[in-house]
Amino acid sequence: MNTLRKVVAIVCITPLAAFGVAACGSDKGGGGGGGGGGGDINVALTSFPDYIDPQLSYTLEGWEVLWNVYTPLLTYKHAKGKEGTQVVPALAEKMPDISPDGKTYKLKLRQNMKYSDGTPIKASDFAYGIQRLFKTDSGGSVFFNGIVGAKDYADGKANTISGIKTDDNTGDITIELAEANGTFENVLGLMFAAPVPPSTPLDKDATNNPPPSSGPFMISKVEAPRTLTMERNPNFKTVKDAGADEVVDASVDKITVTENKNNSAQVTDIEQNKVDFMVDPPASDRLQEVKTRYGNRFRMEDSINTYFFWMNTQKPPFNDLKVRQAINYAVDPEALNRIFGGRMHPTQQVLPPGMPGYSEYKLFPGPDMNKAKQLIAEANPADRNITVWTNDEPDRKRIGEYYHDLLTQLGFNATLKVIAGDVYFTTIGNESTPDLDTGFGDWFQDFPHPDDFFRPLLHGDSILPTNSNNWSRVNIPANNAKQDELLTKLIGDGGVEQQYADLDKAYMEQAVWAPYGNERFTTFLSERMDFDKSYHHLLFNQDYSSFAIK
Amino acid sequence: MVVPVGELEVPGEPPLPTGVPASQIQGRNPWYLAWLRLRRNKVALVCGAVFVLIVLFCLAAPLWAEHVAHTGPNENHITEKVVIDGQPTNVVAPDGTPIGPGLHGQYLLGADQNGRDVMVRLMYGGRTSIYIGLAAAAVTTVLSVIVALLAGYYRGWIDSVLSRIMDVIWAFPVLLLGIALGTALAIGGLKIGPLAIAGDSIWIPIMIIGFVYVPYMARPIRGEILALREKEFIEAAVAQGKGPLRIMFSELLPNIISTIIVFFTLNIANNMLLESALSFLGAGVRPPNASWGTMIADGYEMIYTAPHLTIVPGLMIIATVLSLNVFGDGLRDALDPRAKIRLEH
């Protein structure tokens, strides 16, 4: 009887409590300028963002969170599909005025905007953000090397970057480039270029005390690498009032992002509406179940990326072309597709489908283990002790195990190192890490330009002491020069796309990677979320400003 | 002097066989008497036999792998097919679902998502788990005996220092200490003087497990040594001019050997449990090598669609640990019926 009474009480109280919570959420809404909706939601991810710092973060997880926190002078349109790859004004009043020689960019900061802590946003904060890129050895610094004086500043020969001039009174910002750069507008739309106040440490990671925000959300709490909380930016109204119409307001009041290493538990939490969104796709064994039982709140999403095995081209045995070619012959994209639960499009090239310059080709028909073994026999590498790196996310760990077995079959004495996903890329990007021979790599487009798949990953200048993304340590002077030459042209210029396609082939002729697939992503939401409003952005994945509760 | 039969019997224990002339019992050593007691404990004997069968099962791994499964424990067969009931069947389906268990020689317990034969990995994993259990127990035993002998024999400041060190290790929860050491040593390995162990070596979890259990074994043995140190036969040995090392190893050690054997047995079971926990948490055996702990960790990701990947190695751990614990208790009762020793943590 007592139990029955309790059950009845719970049944009666729960809807009332839910109504109360929803009402509270609605009351709180609108702090940032009319986003409406309201409510608190929970997001789960398998690996915590690498940094909660706009100048340093360079992972999918980091960008997905930070896109709606730190707003650059320019940004990408908040829209699904190709429309989302369009660069639009954000904190700048309009798109830059570019000089006829393509070397000078003039922008004007909107007036009277404030960061989330009330500090005014100034033009000089942009210059400070770019300086931080170099002082923190950010992986994103390679995009800004072309600014006049950037190299001197990075080398400590100058106190400021001479090519950036700002006027806090007028909001004028002038950027001088050493050479014309066809991607510079795209680059200005990345969070790397987001202004931050001078209270942010110049040469240190600010993850534990992130700078104040200029977007619809602010980071109110960080307990790296476990959880972070995003709340409405109380001063976002100043950004909207200044006319930044392309920077979209949030629809929910608070997002709690929590790391959960168990992908299957994340799926179950969403099925049971305990979590509202999972950043990573459901593990392959749950995918079919999710597709069939929760089709009304699950969909596959296009994403522009390439998955590959990197090989350190500066150390034996991968400094031998034949060894690298052998790996390309041996890798079976279909096997890796099955590890991904059938979400992968097979490939053997650098550029993914959907990227300008993509032209399908296959230099290493196979998988052909006999050919691979023959090449290894011809190369006869003296050093066969190699370390294979991967991270502990479910698919990645299995990919590493597959690759380890493949190398063993080819006669290598391979050792598999599995490290945490949230420190994986910073570990393999640090040249002091021992035994960086080969391992798992992936790359998602930062902006819709093929240079993004070549410069950070394969240009010799991208071999950095820390936060390097050139994991294969590729430095081919002719290809570097070609990249630099193409960068001065616009992608729409005649023949440029074809030249990028040729560059792709030139790298794969050197077998600098062993690419195997392009992954499709997913959106899986809880029942209480408005599934139709939320969308997947081609550059930043899920747009958190599109999250809304029904 | 002839000892009456009644004086050889242990209070509380069943009497020795009647009608046996005292002259026949007189020469029997304590080990034989222990065997007589153990033989009467049928449950312990059955559990000992179960453990032996598990060990034999695991030792047969290479035979099964070569003659039945035709694959090694780490070999991937993701895109291959096997013939089942005359039909070619994908080892791993295009949607990533691996083949399940069935009465076919290959893939008797199915495959995992990398197309590896679960039966082969179970057998090889058992070898790893039992090997770690035994080797870590040996490490614990050697370290514990050294610490206990030094502390118990010399007493004074040496005892104080060693006991406090043991207290410090004891103060850490075993699992947390194991995870901390396992994670720290995973990348760079262990280097102490000439001793160098690579980060992926099986000796890393062995050394970690062997180390964290030292206080649990060293402290009770030290207590026994302290008591023995006061006995007359030690005073006699000192009076005869025997040196400390000789007294420790020829007088004290033989008197605690039965305690050590019991601890060693019980320690194996505990070590296997800790190895499984550490491997499950990613701080024990390194992938792609199989142990029952890593198999549970791998299968845990597929618990909804392929629960056998988790349940089978879990059952093997239960069977092994249970059999070892019951057999260890029986051994303790047989070797020293008055002893109350147990591994407490």
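Select A:Phe277. It is buried, with a relative accessible area of 1%; buried means under 20% relative accessible area, exposed over 50%, and partly exposed in between (1.4 Å probe, protein chains only). This is a predicted model: local features need pLDDT of at least 70, side-chain atom pairs count only at pLDDT 80 or more, and totals for chains, interfaces and linings use all residues. Residues are numbered from 1 along each chain as its sequence is written, chains are lettered from A in the order in which they are written, and side-chain values use heavy atoms, with hydrogens and water left out.

Stay on A:Phe277 and show its surroundings. Leaving aside neighbours within four places in sequence, its contacts (heavy atoms within 4.5 Å) include A:Asn42, A:Val43, A:Ala44, A:Glu64 and A:Ile270. Also among them are A:Phe524, A:Leu525, A:Gln542, A:Tyr544 and A:Phe547. Now pick A:Leu538, 261 residues away along the chain from A:Phe277. The two C-alpha atoms are separated by 17 Å.

Next, colour the strands. A:Phe277 lies in strand S11 of chain A. Strands (E, at least two residues) and helices (H or I, at least four) are DSSP runs, numbered from the N terminus. Select S11(A), residues 277-278, together with S1(A): two bridges join them, and they run parallel. Two strands pair if DSSP finds at least two bridges between them. A:Val43 stands opposite A:Phe277.

Look for A:Ile41 opposite A:Ile255.

Move to chain B and select helix H9, residues 203-212. Seven of its ten residues are buried, so this helix is largely enclosed by the rest of the structure. The buried residues are B:Ile204, B:Pro205, B:Ile206, B:Ile208, B:Ile209, B:Gly210 and B:Val212.

Finish between the chains. Here 25 residues of chain B are in contact with 27 residues of chain A. The buried area is about 2,400 Å², with carbon and sulfur atoms giving 49%; buried area is the accessible area (1.4 Å probe) that two parts lose on being put together, summed over both.

On chain B, highlight helix H8 (174-188) and helix H14 (292-300): each supplies at least two residues of the side that touches chain A.
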